[in-house]
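User: Could you help me read this model? I would like to go through it step by step.

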Amino acid sequence: RNLKWQIECRADIGRLSAPFLAIYESLIPAEEEKAKQKKLLTLLEKLVCKEWPDARLYLYGSCANSFGVSKSDIDVCLAINDSEINKSEVLLKLADILQSDNLQNVQALTRARVPIVKLMDPVTGISCDICINNLLAVVNTKLLRDYAQIDVRLQQLAFIVKHWAKSRGVNVTYQGTLSSYAYVLMCIHFLQQRRPAILPCLQGMEKTYSVTVDDIECAYFDQVDKLHGFGSRNKESIARLVWAFFNYWAYGHDYASNVISVRTGSTISKQEKDWTRRIGNDRHLICIEDPFEVTHDLGRVVDKFSIKVLREEFERAAEIMQHDPNPCVKLFEPY
Ligand code: ATP
Ligand code: MG
């Protein structure tokens, strides 16, 4: 495997950046879409404040982490500063309020792993999930957004990888493949590993931002405007990075022994985390440490069937990037 990882990149890789950048540009949401999201958030704030005057609403997920492609749903967190609340009751109450204000398809999913209310706003056409007090997600959204400010190649790579994962059907957690959040962490990790590095390890630097959420201290260097140009000594083009990304996940990563860790800017051993065997439903076949909730393996949804699917997809993509005359077409072909 290691030998293949050392293979030389095709000579004509340079000519492939333009079509990849065109795909990236086509996925960027229009300003108009952002404005509609704001409008919906303002409406929701108005409705929520009537019932819970001290509550706050936060956008999180791809509508706020800079990795949202156009026409994404929005994720909203309702923060109620009261440890006594019963989440199910709040969700049902919230669903009631939203329904009476003409929002459509309102559904309270109180038994989901992350309980939410779903809705669709007929005015803007936007669908939205609202969860309660999921502040870790709000904080990891900020971390991703801050990383995105440092080097535009992260956003470009992540858009391309998310688009590939959706086209190939490997972005479906209930089928044992990975979440968008996991793919973005894989991109950050990968860019931290380039030499010269394209991204730093923000959690390994001086802590300029610190909050404690659910007893977890979330702290890192967030003055990212001071890090502009961090990766500029590395001149790799986007096409070269897409090529290397798929090679890394096809042939370079040691699935048997290693955990990728954005928190440390490196890999750590499965041994060290005690992620070497199956415990309950957690099989640890591909290990991606959550940057804050470090006991959480984002790869835990992956089972012995879906790991095969995933690795074959990485190998397919690596192969296309190395040999196909027109990789931008083949890579995103529907499965
Ligand atoms: P998409 O564009 O596909 O909707 P997304 O980033 O919004 O991408 P979601 O799956 O909707 O992805 O997740 C929303 C947010 O919830 C993530 O950005 C992340 O902050 C948080 N999140 C999702 N899955 C996990 C997880 N397994 N553990 C911790 N946080 C998660
Ligand atoms: Mg989302």
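User: Before we go on, what should I know about the model and its numbering?
Analyst: This is a predicted model, in which local features need pLDDT of at least 70 and side-chain atom pairs count only at pLDDT 80 or more, while totals for chains, interfaces and linings use all residues. Residues are numbered from 1 along each chain as its sequence is written, chains are lettered from A and ligands numbered from 1 in the order in which they are written, and side-chain values use heavy atoms, with hydrogens and water left out.

User: Back to Glu-313: is it buried or exposed?
Analyst: Glu-313 is buried, because its relative accessible area is 10%. Buried means under 20% relative accessible area, exposed over 50%, and partly exposed in between (1.4 Å probe, protein chains only).

User: Which residues does Glu-313 touch?
Analyst: Leaving aside residues up to four places away in sequence, Glu-313 touches Trp-164, Arg-168 and Val-170. Contact means heavy atoms within 4.5 Å.

User: And what does Trp-164 touch?
Analyst: With residues up to four places away in sequence again not counted, the contacts of Trp-164 are Val-170, Tyr-183, Phe-246, Glu-313, Phe-314, Ala-317, Leu-331 and Phe-332.

User: How many residues does the largest nonpolar core have?
Analyst: The largest nonpolar core has 76 residues, and Trp-164 is one of those with the most contacts inside it, a group that also includes Phe-20, Tyr-183 and Met-186. A nonpolar core is a set of buried Ala, Val, Leu, Ile, Met, Phe, Trp, Tyr and Cys residues joined through side-chain atoms within 4.5 Å.

User: What about a second core?
Analyst: A second, separate core has 27 residues, including Val-48, Leu-119, Cys-128 and Ile-132.

User: New topic: how much space lies in the largest pocket?
Analyst: The largest pocket holds about 1700 Å³ of space. On a 1 Å grid over the protein atoms alone, a cavity is a set of points where a 1.4 Å probe fits but cannot get out, and a pocket is an open set with protein on both sides within 12 Å along at least five of seven lines; lining residues have an atom within 4 Å of a point. Grid points are joined across faces, edges and corners, and a volume is the space filled by probe spheres set on the points.

User: Which residues are closest to its centre?
Analyst: Of the 47 lining residues, Tyr-60, Arg-113, Val-114, Ser-179 and Tyr-181 are the closest to the centre of the largest pocket. By class, its lining has 19 nonpolar, 14 polar and 14 charged residues. Ala, Val, Leu, Ile, Met, Phe, Trp, Tyr, Cys and Pro count as nonpolar, Asp, Glu, Lys and Arg as charged, and the others, Gly among them, as polar.

User: Which element gives the most to that lining, and where does the pocket lie?
Analyst: H5 gives the most, with 6 residues. Domain 1 and domain 2 both give residues to the lining, so the largest pocket lies between them.

User: How large is the largest cavity?
Analyst: The largest cavity has a volume of about 40 Å³. Its lining includes Pro-29, Glu-33, Cys-63 and Asp-73, and divides into 3 nonpolar, 4 polar and 3 charged residues.

User: Now the backbone: which residues does a cis peptide bond join?
Analyst: The cis peptide bond joins Arg-195 and Pro-196, with omega of about -5°. Pro-196 is in the loop between H7 and E6.

User: What is the phi of Asn-102, and is this residue buried or exposed?
Analyst: Asn-102 has a positive phi of about 70°, although it is not a glycine. Asn-102 counts as exposed, at 61% relative accessibility.

User: And Asp-215?
Analyst: Asp-215 is not a glycine either, and has a positive phi of about 65°. Asp-215 is found in the loop between E6 and E7, and at 79% relative accessibility it counts as exposed.

How values were computed. Helix = DSSP H or I, 4+ residues; strand = E, 2+ residues; numbered from the N terminus. Domains from an automatic or database assignment.
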